[in-house]
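Me: Please take a close look at a single part of this model and describe it in detail. I would then like the account to continue from that part to the elements connected with it, and to close with one further contact elsewhere.

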Amino acid sequence: MTSYNVPEVSSKIIKRGKKRNGNGRVTSASLDPFLLAVDSPKCSEKFAGTSDSDIYVSLVGSKACTGKMKVVRLFSTGISAQHHNDLIIESSADLGEVLVVMLGNPANLMVSAGSAWFVDFVDIHDLQRKTKQEFPCYHWVEDGDELSFTEKTTTQKDVKNSPVLCLQREDQLENQQRRYKWEQFQDLALPSGIDVKVKKLPSDEQFGAKKTFDFLSTALKSKGTVMLKAAFSEILSLAHYEEVASSLGKPQFATFEFARWTRDEEFGRQILNGVNPVIIERCTQLPPNFPVVTSLIQESLVRGLSFEDEMKVGHIYICNLKVMDGLTCQPGWYCAAPICLLYVNNKKQLVPIAIQLKQKPGSDNPIFYPTDNWADWLLAKIYYQSASTQFHQIATHYLPCHAAMEAYSMGTMRNLPDAHPVHKLLKPHFQYTMAINKKAREKLICDGGSIDKIFAIGGEGRQQLMRIGGKAYSIHWTNIERSVKERGVEDPNLLPGYYYRDDGLKIWQAIEDFVTDILNEFYASDEEVKDDYELQNWAFDIHTNGFPGHQGSKQGHEFPNTIASKAQLVELCTLIIFTGSAQHAAVNFGQHEMYCFAPNAPAGLRLPPPAVKGKADMQTLMDALPDKNSTALAVAISHMLSQFSDNEIYLGDFPAERFKEEKAQNLIARFRRALDEIDGQIKERNAQLDVPYLYLLPSRIPNSITI
């Protein structure tokens with residue numbers, strides 16, 4: 001037990017019960033001096049109680065501290081999950097203001113598996129002074145643990161004159177750094193994560209019982225239903241792909257229709273508002289390896305302007321998946337490295353006007369146009385979508401969302417104590433991320449995992465793509481303000497109907513306003529930010545260990561090694577919250593919609609990209625599309641990854657009340673109102689659209705990456 005260098009006085013638990021007054025406060029028939037009521041409120045986690053461990057509590061005050069006082073063995077019924085557990089403590093001397101609450105669960109080889117205890121928070125009632133203190137905890141107290149927590153939200157400057165609080169912070173971080181050790185993925189150049197090779201995930205990071213049940217039941221339903229359907233179906237026509245796609249029911253958002261998938265305007269809509277909306281760039285000059293014959297696209301330019309003039313005014317856009325060039329494919333499977341040219345027509349629709357399927361121009365690499373044979377043009381779009389699907393899963397979804405958020409979470413847990421405002425601000429957006437990433441590394445993106453089975457690029461190509469993406473990665477990939485400007489797609493007048501941009505920018509602004517308001521409560525100046533050594537350690541650890549320079553990449557991937565100003569801190573916290581909530585929602589929850597119908601966006605193709613025009617027909621299309629087993633597995637995975645949990649926590653909801661301060665609570669309420677207003681605006685706009693954009697409705701954006 002940590003020694004806080006204050007006198008220890010004789011103390012004991014003299015009563016345990018649930019007697020309360022009308023206000024919910026613990027009462028005592030006697031108000032003798034030095035009587036404290038310890039109220040450990042209802043646990044939010046099911047199965048979070050213990051009846052087997054020697055749980056003890058200790059209080060550290062400004063004047064004195066108690067010793068370890070056993071809680072459970074005194075009462076045979078144990079500590080109850082989802083109930084209040086009230087203790088009356090008698091002390092031989094005044095403790096003063098209680099500064100630290102300690103809970104311990106001594107290691108005991110004889111206890112059962114139910115020995116852990118999840119504590120939301122603890123209230124301390126001074127029955128003499130009639131005061132109350134609230135200590136947020138929100139941790140599992142596991143077998144062998146000794147945890148400490150404090151009352152107020154504080155930075156290092158707020159506690160520098162309190163040796164007790166300084167020691168508590170140091171002790172907590174030392175404990176956290178033992179639990180959270182870095183594992184670096186040098187061979188793949190990915191952001192680092194938690195090392196779980198020897199030990200299991202910390203209980204605080206594991207799925208709760210309800211989340212575990214939802215995850216397993218969804219996985220079983222997804223895979224079982226689709227594989228059963230595929231077992232009795234031969235894919236002989238597009239209608240059979242539709243049967244497999246329909247086996248799990250209508251997608252959550254239901255904006256995809258089978259009848260629409262071949263249309264050029266639908267292709268453009270999916271580039272703007274599908275699950276990979278971050279590739280499109282404004283085209284101001286054709287790449288030298290993309291020799292488009294402008295006379296062949298003139299028919300598509302409906303305003304009567306020349307191609308050069310359309311490009312100058314901002315109606316021409318490009319998607320270049322050059323990163324896919326040269327990736328190894330599995331035997332019998334193929335992946336393109338396409339370049340697609342797009343045009344905003346006078347109906348404000350984005351449509352493709354030229355597609356080249358390989359990067360090196362030549363006689364065996366034709367450029368396809370809308371005026372070509374219908375099968376040639378449709379196949380060109382399918383090959384583009386297949387490459388985009390594989391790029392999306394690794395370079396848009398896993399790397400900048402899942403992997404990056406785990407690095408941010410690790411840095412936070414290792415360097416910022418629970419009482420730190422940045423810890424409290426960010427922690428809700430890390431819930432279950434380490435748990436889902438662990439499962440992904442074990443089942444989905446591991447060697448021989450599900451991704452390797454369904455992607456044309458397989459395991460070797462996946463690893464190559466990870467290395468290329470990891471080397472190029474910047475944390476600002478998910479900074480939507482910076483991203484749309486760098487890609488030249490920020491102007492809604494030039495590129496209308498880009499709802500990922502429109503809704504995302506509103507949500508970014510709402511988050512930024514909230515972060516600014518919260519941090520202004522705790523930092524008065526840039527100097528206070530620079531002087532906060534805990535914050536500086538946080539930045540250095542993430543820069544150095546979270547985003548190490550592997551495979552020739554730049555150390556830190558633009559995450560700074562020091563924080564120089566409040567503005568910089570605001571931007572980083574906004575980026576982290578946006579990445580774990582809105583950005584992940586935008587690139588994840590439409591997967592079943594985009595991928596359930598294999599011809600729309602297949603994970604792999606069985607014929608090489610066509611080298612000549614004029615020979616494709618329906619049979620060519622069927623021969624190129626994936627077989628039934630890989631189709632069924634892809635549909636099952638896309639369904640599983642697109643589901644919400646029944647107890648999902650959405651953006652703006654904070655059931656764990658880490659900020660107890662009234663001002664902070666008011667700012668949280670203001671944030672919710674801002675999100676509600678955005679939600680209403682999006683719903684009003686969507687009511688006017690043939691195809692609504694639903695992925696960035698704040699009411700459907702989970703707080704963190706949980707799937």
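Predicted model: local features only at pLDDT ≥ 70, side-chain atom pairs only at ≥ 80, totals over all residues.

**The strand pair and its surroundings**

Reply: Glutamine 356 has isoleucine 367, a residue of β16, as its bridge partner. Two bridges join strand β15, residues 350-356, to β16, and the sense of the pairing is antiparallel. In general, the strands of a sheet pair through backbone hydrogen bonds, in either a parallel or an antiparallel manner.

The pair belongs to an open sheet of five strands, whose order is β12-β13-β14-β15-β16 and whose pairing is antiparallel. At its edges are β12 (281-282) and β16 (367-368), each of which pairs on one side only.

Two helices are to be considered against this sheet. Helix α5, residues 264-273, lies across β13 (316-320), β14 (339-344) and β15, and it runs at about 90 degrees to β15. Helix α8 also packs on the sheet, where it touches β13, β14, β15 and β16. The direction of α8 likewise makes about 90 degrees with that of β15.

At least two lining residues come from each of α8 (374-415), α11 (450-454), α18 (591-595) and α20 (628-641). Helix α20 provides the largest share, with seven residues. Classified by type, the lining holds 14 nonpolar and seven polar residues, and no charged ones.

A further helix contact involves α14 (residues 499-522) and α21 (residues 662-686), whose axes come within 10 Å and cross at roughly 170 degrees. Because that angle is over 145 degrees, α14 is roughly antiparallel to α21. On the α14 side, the contact residues include Tyr499, Asp503, Lys506, Ile507, Phe514 and Glu521. On the α21 side they include Lys663, Leu667, Arg670, Phe671, Ile678, Gln681 and Arg685. Taken together, the residues of the contact between α14 and α21 divide into 14 nonpolar, one polar and seven charged.

Key: Residues numbered from 1 in each chain as written. Heavy atoms only, no water. Helix = DSSP H or I, 4+ residues; strand = E, 2+ residues; numbered from the N terminus. Nonpolar A, V, L, I, M, F, W, Y, C, P; charged D, E, K, R; others polar. Pairing = 2+ DSSP bridges. Contact = heavy atoms within 4.5 Å. Axes fitted to C-alpha atoms, helices over the stretch in contact; angles between N-to-C directions. Parallel < 35°, antiparallel > 145°, perpendicular 65-115°, else oblique.
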